[in-house]
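Take a walk through this structure, from the whole chain down to single residues. Keep the sequence at hand as you read.

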Amino acid sequence: MKSQSMKEQLTIGEALRIMPGMPTSLRKLIAPLLLGSLLLGVQSVAAQNTPTAPAAASSTQDPGRALDNLGKQLDDIKTTFNSKSSTTTSLNDLRTTATDVQQQADTLTQTLAPELQSVQTRLTVLGPAPSAGAPPETAAISQQRRQLERDKSKLDGQIKQAQLLSQDAAKLASQIVQTHNEQVQAQLGSRTDSPLGIGFWKELGKAFPDDMTRVGRAKDLFVEDLALAWAPDSRTPLLLCLFGGLLLIVPGRWLIERVTLALASRYMPDGHLRRSAMAVIFTLTVTLSIGVAAWLAYLGFNWNDMLDEEIDTFAQATVRSVFFAAFIAGLGRALLSVNHPSWRLPALTKFTARNLRWFPWLLGGAFLLLGVIGHFNTLAGASLPAAVATHAFLALLITGLVGAALARAKRARTTQRKHGEKPPSQALWIGVVFGLGTLGVVVAWLAVLSGYVALGFFISWQMLWIGMIVAAFYMLSHLQRDLFDALLAPHGRSGQRLQSTFSVAHTTLEQTSTVLSAVCQVLLLLVAVGTVLMPFGGGPHELFTQIGDVFTRLRVGELTIKPGAIFNAVLVFALGMVVVRIVRRWLAEQLLPKTTMDIGMQNSIVTLLNYVAVVIVFALALHAADVSLQSLTWIASALSVGIGFGLQAIVSNFISGLILLAERPVKVGDWVSMPGVEGDIRRINVRATEIQLSDRSTMIVPNSQFITQNLRNVTHGNALGRVKLSLPMPLDTDAAKVREIMLEALHAHESTLDTPSPAVTLDDITSSAMTFTGVAYVRGPREASAVKSALLFDILARLGKAQLPLSTPQSMVVRNLGPLLGEDSPAAPGQ
C-alpha cells in the first residue's frame with residue numbers, strides 16, 4: 001500500500017535558507033508572503049547563526065526510508081553532542097535539528113495513523129478467520145487477509161518507531177538545553193581581565209593582527225559579492241530595490257501613518273480603543289517600513305542568487321536584526337507618542353515624553369549594532385579577546401542608554417515640580433520596573449568593569465529583551481481591554497445590536513466584557529512569561545512548548561493542568577451553554593406554548609431539560625479537558641465528608657427540587673398555602689421555590705418544606721375559584737324574590753362561569769332571620785375575592801331598589817330604674 005504524502009514542515013529559518021535556491025520568479029512571488037511571518041519569529045534574532053535544519057522527508061519518500069533517515073540524523077546529533085566539544089552556537093544548531101526531527105516524526109505518526117485505521121477497518125469487515133471445523137474461505141479472501149495483516153503489522157511498527165524517535169528527539173533536545181544552560185552559567189561565572197586593567201588591552205593587542213587578517217578576508221568576501229551585485233545584469237534591480245527601500249522608510253512611512261490616522265479619525269469612534277489601536281498601528285508601521293526596506297536591500301544584493309553562503313547567512317541575520325530593532329524603536333515611539341499626547345498610553349508627562357523621544361531609536365540602533373557585530377564576529381571568526389571586548393562595549397552601551405533614559409525620566413519629573421506642576425501618580429509596578437532597571441545598570445557596569453564581561457553582557461541583553469516584552473505586553477493589554485469595552489459596551493452600537501438580537505441584558509454584556517478581558521490578560525501574561533523564560537534561540541514552537549511544560553508540572557491530585565486542554569474545555573462549555581440556552585428558549589417560547597400542556601408543566605419540562613443539558617455539557621467539558629472520573633475521586637471523597645457534616649440541608653433541598661419537578665405536587669402558577677405562607681408559585685429552582693405573596697413580595701421557601709410539611713394546593717385538583725355569599729334577611733322577606741335577585745346578580749357578572757352554574761340556597765332560619773347563600777365559580781381562585789366584592793355591591797343595590805332590607809341584629813337595652821316603690825331608701829352614710 002502506498003502511504004499518504006507527508007507535508008513538509010518548514011520553519012521561517014528554513015524558508016529563508018531555501019529561498020536562494022529557488023528560481024528567481026518563484027522567489028519573487030514567495031518573498032512578500034514571508035514578511036509577515038518574520039515578525040512571528042522576531043524573538044529568535046538573538047541566535048548567533050541560523051540553525052541548519054535537516055532536510056524534510058519528501059512527499060514521495062517511503063515511510064520506512066524516512067524513518068531510517070530520521071534515525072541517522074538523530075544518531076549524528078547524539079554523536080556530536082556526546083563529543084563534549086560543542087560550543088554554545090553548535091548546541092543551538094543541535095537543539096534546532098533535534099526539534100525538527102521531533103516535528104517530522106510527529107508528522108509521520110499523524111500521517112500513518114489514518115492508514116492503520118483504514119487497514120483495521122478492512123480487517124473488521126472481513127471478520128475473523130474461520131475456526132477449526134468451519135467451512136474454509138476462498139483463496140482470494142485468505143490472501144487479502146494475510147496482506148492486510150502484514151500491512152497492519154508494518155504500519156503499527158512504523159508508528160511505534162516514529163513515536164520512539166519523537167520521544168528520543170524531545171529528550172535529546174531537553175538535554176541539549178540543559179547543557180547549554182550549564183555552559184551559560186559557567187560562562188557567566190567566568191572572569192577575565194578587567195577593561196580597566198592593562199592585561200585586558202594587552203591580550204586584545206596580541207590578537208589584533210590575527211583579527212585584522214580575519215576581517216580582511218571577510219571584507220574581501222563582501223567586496224566580491226558587491227561587485228557581483230553591481231554587475232550590469234543585476235545593477236538595475238539593485239538600484240530599484242535600494243530606491244524602493246529608501247522611499248518606504250522616508251515618505252512611505254509618513255504617508256501610511258497619515259492615511260491610517262485619517263481613516264481612524266473617520267471610521268473609528270473616539271475613545272480608548274482608537275488610542276490603543278493607533279499605538280499598535282504606529283508600531284507595526286515603523287517595524288514593517290524599516291524591516292521591509294532592509295529586506296528589499298537584501299533582495300537587490302542577492303537578485304541573481306550570487307551571494308556567498310556565509311555572506312548570505314550574515315545578510316539574512318542582519319535583516320532579522322533590522323526587523324527587531326525597528327520593532328523596538330516603533331514600540332517606544334508609539335508609547336511615548338510625543339506628537340499626540342492625548343493618545344499616550346502610559347501616564348507620562350510631556351516633559352518626560354520629550355526628554356525620552358530619541359531613546360527608542362537609540363536602543364533599537366544599539367540592538368541592531370549588537371546583532372550585526374555578533375554575526376560579523378561569527379562570520380570573520382573573531383578571537384576570544386575581540387569577542388570579549390565587543391561584548392563589554394555592547395553591554396556598557398546598552399546599559400548606559402537605559403541608565404540615561406531612567407535618569408532623564410527622573411529629571412523630567414523634577415523639572416515639572418519646579419514649574420509648579422504635580423507629576424501624575426505612578427503605579428507600583430512602574431516603580432518596581434524603574435528600581436530593577438537601575439539595579440541592573442549598576443550591576444552590569446560593575447560586572448563588566450570587574451572582569452565578569454559575560455555576566456554584564458547577559459544582564460544588558462536581558463534588560464533589553466525583558467523591557468521590550470513588558471512594553472509590548474502593556475500595549476496589547478490596553479488594546480484587548482479597550483476592544484472588549486468597545487464591542488460589548490451596553491450603550492455602543494455593537495452592544496445595542498447584541499441586546500436586541502439575543503435579548504442580552506446590559507449587565508450581562510458588562511460582565512462578559514470583564515471576563516473576556518481578564519482571560520485575554522492572563523493569556524497575554526502567560527505568553528509574556530513564556531517568552532522571557534524561552535530557551536535560547538527558540539521560536540514560536542518552543543514558546544508554546546515552554547508554557548506547556550510549565551503547566552504540565554502543575555498537578556492537583558491526579559489532575560494535570562494543560563493549557564490546551566483547559567482552552568478546549570472552556571470552549572466546549574461556552575458553546576454548549578449557548579446551545580442549551582437556544583434550545584431552552586425555543587422550547588419555552590415556540591414549541592411548548594403550541595401544545596395543550598399548562599404553564600406549570602411547560603416550566604417543569606424546560607427546567608428539567610435545562611438541568612440535564614447542563615450536566616451533559618459539563619461532562620463534555622471535562623472530557624475535553626482530559627479529566628476522567630477516576631481523577632475526581634478525591635473530590636467525591638471530600639464532598640461526602642462535607643455532606644455528612646454541613647451540606648445535608650443543601651442536598652436535601654436539591655433532591656426535593658428534583659422531586660417537585662418530577663412528581664409535580666406543586667407547579668409554577670399554583671396557589672399554595674403553608675404555615676405562615678400563602679401565595680402563587682412563580683419559580684421552582686434547584687434549592688428553593690419562589691412564592692409571591694398577596695402584597696407582591698416574594699418568599700423564598702426551601703424545597704424540602706414542600707416534601708416534609710403539610711401543604712394546601714388550592715389549584716392542584718381544580719383551577720376554578722369559588723365565590724360564596726351569605727345574606728341574612730328578615731323573617732317576613734319574600735324568599736323567592738330574594739333568590740331571584742341573587743341569581744340575576746350572579747349570572748350578570750362577567751367573571752362568573754355558566755358551568756358550573758351559580759346557585760342560591762336557603763341555608764338557615766332562626767328566630768330573628770333567615771340566611772340565603774349564593775355560590776358562583778370563576779376562572780381562578782385569585783379572582784374570587786374581587787368578584788365577591790363586586791357581587792356584594794351589586795346585590796345590595798338590587799335589594800335596595802326592591803326595598804328588601806337586610807336583617808339587623810336585635811339589641812338589648814338595659815336601664816337602671818332605681819329602688820322599687822314602697823321600699824325604704826338606703827340609709828345615708830353616717831346615720
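**From the whole to the details**

Of the 831 residues in the protein, 39% are buried. Buried means under 20% relative accessible area, exposed means over 50%, and partly exposed lies in between (1.4 Å probe, protein chains only). This is a predicted model, in which local features need pLDDT of at least 70, side-chain atom pairs count only at pLDDT 80 or more, and totals for chains, interfaces and linings use all residues. Residues are numbered from 1 along each chain as its sequence is written, and side-chain values use heavy atoms, with hydrogens and water left out.

The protein holds 25 helices and 10 strands. These are DSSP runs, numbered from the N terminus: helices are H or I with at least four residues, strands are E with at least two. Now consider contacts, meaning heavy atoms within 4.5 Å. Among those between residues at least 6 apart in sequence, 74% join residues at least 24 apart. The protein exposes about 47,300 Å², and carbon and sulfur atoms supply 63% of that area. Accessible areas come from the Shrake-Rupley method with a 1.4 Å probe; for residues, only the protein chains shown count as cover.

Next, a pair of helices. Two packed helices are described by the angle between their axes and the distance between the axes. Helix α13 (residues 384-418) packs against helix α14 (residues 428-449) at about 145°, with the axes 9 Å apart. Axes are lines fitted to C-alpha atoms, for helices over the stretch in contact, and angles run from 0 to 180 degrees between N-to-C directions. From α13, the contact includes A392, A395, G400 and G403. From α14, F434, G437 and W445 are among the residues that take part.

Now the charged side chains. A search of the whole structure finds nine salt bridges. Each is a side-chain nitrogen of Lys or Arg within 4 Å of a carboxyl oxygen of Asp or Glu. One of them joins E589 and R585, at 3.8 Å from N to O. Both residues lie in helix α19 (residues 563-591), four residues apart, about one turn of the helix. E589 counts as exposed, because its relative accessibility is 53%. R585 is partly exposed at 31%.

Another bridge pairs E744 with R798, the closest N and O atoms being 3.5 Å apart. This pair links distant parts of the chain: E744 is in helix α24 and R798 in helix α25 (residues 784-801), 54 residues apart. E744 is partly exposed at 37% relative accessibility. R798 is also partly exposed, at 27%. R779 and E783 meet in a further salt bridge (3.9 Å, N to O). Salt bridges that share partners also join R253, E257 and R333 into one network.

Which residues make a nonpolar surface patch of about 440 Å²? They are L226, W230, L239, L242 and F301. Patches are made of residues with over 30% relative accessible area and no salt bridge; like charges are joined within 9 Å, nonpolar side chains (Val, Leu, Ile, Met, Phe, Trp, Tyr) within 5 Å. L226 lies in helix α7 (residues 198-229). L226 is partly exposed, at 44%.

Last, the backbone. D305 is not a glycine, yet its phi is positive, near 55°. D305 sits in the loop between α9 (272-301) and α10 (309-336). S337, in the loop between α10 and α11 (350-355), has a positive phi of about 45°. S337 is buried, with a relative accessible area of 10%. The peptide bond from T755 to P756 is cis, with omega near -5°.
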